[in-house]
Amino acid sequence: SLNAIISAWMLLRFYLVFRLFALYTKWTNELCEKSCEEHGCEANTIFALKAELKERPYFILFILMSLSILIFGLATRVFERPLNSELKRRHELKMEYLGADPEDDTSQDYDYLWNSMWLIILTMTTVGYGDFYPRSHPGRLVGVLACFWGVFLVSMMVVTLTVSSEFTRGEERAFDILQRLKAKEVIKTKASIVIQSLLRLAVFKNRRKHAAGNELYLFQKYQLEAKLERSVEQFRSQRLQQSKQDLPAEEMLRQLTEKLDMDLDVVKNELATMRKLEQLIQNVENRQNRYIEDIRHAIESTMRIQELLVKFKSNVQSKQETLMNHHGNTQGNALNTNGANSNIIDALVSDKTKEEPK
């Protein structure tokens, strides 16, 4: 129906998720755009998706798989539900009027979204149990698209697992060394078995010299010699296998070059660290020199303040002495003045007494 086609068409709005992702991801900010321009690329949605797949591959694949199952499941339900409802209705009419067998009902229940999602999961993983399958042509088209998209996602998951399980350069080197050490231990064990077999044969020959022609002697000797031959053969085969595992000159040169590169990287990092430490030490020395200079200025200022205080104290003492001397002189003058005044008063009083009888 037209309603189903428009409903399925509206599911294409799913692309808005990628637009939101491009707007809010950290791989499309100004710094990323500047870095991409410097290296001749563009910080767009494709670059952001690739960066997220490099940084968080399992999380991105899980999100894509979940959204794909939901979108394709909704589209399948939109197209398959009306057809299967019609088939179910026809079968009910046949059961009611023609007495059809209920087991002849070939309709599928798409009323639940989980059934259509289950169909998409089986299609995307290429399992196909057959319990659910599309019947309408639009539903089959959705199934084909889901199949191709599922193959793409599954292949991406396989590639991610393969990359995650690969050794790094250091891990690969350590694994090779461990394999060689293990092979050497096996060779030592085979060599010890050869030596033991040879010693047993020599001891047997020395102890059974008197029975050299005996059949039992010959049989036991044959067994020991056969065991010795088998152990020698196993030792030789192990040595040959070890020689095959040994690296050729080109590979050894390549690994040596890689090791030198790694050592040089370590040395560069250590030199960079030493430079940083040297810069920090220089900054500390500069701060110490500034602190020492400030302390020296403070000491000089303190000494000048002490000299000013001594001068001020001496000036105050001299002024105090001057004031004291001046005060003493003032008091003497006041006493002399008081004595003269008393003499004058006495003379006036005596004159007045003399004049009173008159």
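Guide: Buried means under 20% relative accessible area, exposed means over 50%, and partly exposed lies in between, with a 1.4 Å probe and protein chains only. The model is predicted: local features need pLDDT of at least 70, side-chain atom pairs count only at pLDDT 80 or more, and totals for chains, interfaces and linings use all residues. Residues are numbered from 1 along each chain as its sequence is written, and side-chain values use heavy atoms, without hydrogens and water.

Visitor: How many aromatic pairs are there in the whole structure?
Guide: The search finds four. Rings of Phe, Tyr and Trp (its six-membered ring) pair if their centres lie within 6.5 Å; planes under 30 degrees apart count as stacked, over 60 as edge-to-face, and the rest as tilted. One of the pairs is Phe-14 with Phe-18, which is edge-to-face because the planes are at 85°, with the centres 5.5 Å apart.

Visitor: What is the relative accessibility of Phe-14?
Guide: It is 24%, so Phe-14 counts as partly exposed. Phe-18, at 29%, is partly exposed.

Visitor: And which kind of pair do Trp-118 and Tyr-129 form?
Guide: That pair is stacked, at 6.0 Å centre to centre and 15° between the planes. Trp-118 belongs to helix α6 and Tyr-129 to the loop between α6 and α7, eleven residues apart. Helices are DSSP runs (H or I, at least four residues), numbered from the N terminus. Tyr-129 is exposed at 59%, while Trp-118 is partly exposed at 34%.

Visitor: New topic: is Asn-115 buried or exposed?
Guide: Asn-115 is buried, because its relative accessible area is 19%. This residue lies in helix α6, residues 113-124.

Technical notes: Helix = DSSP H or I, 4+ residues; strand = E, 2+ residues; numbered from the N terminus.
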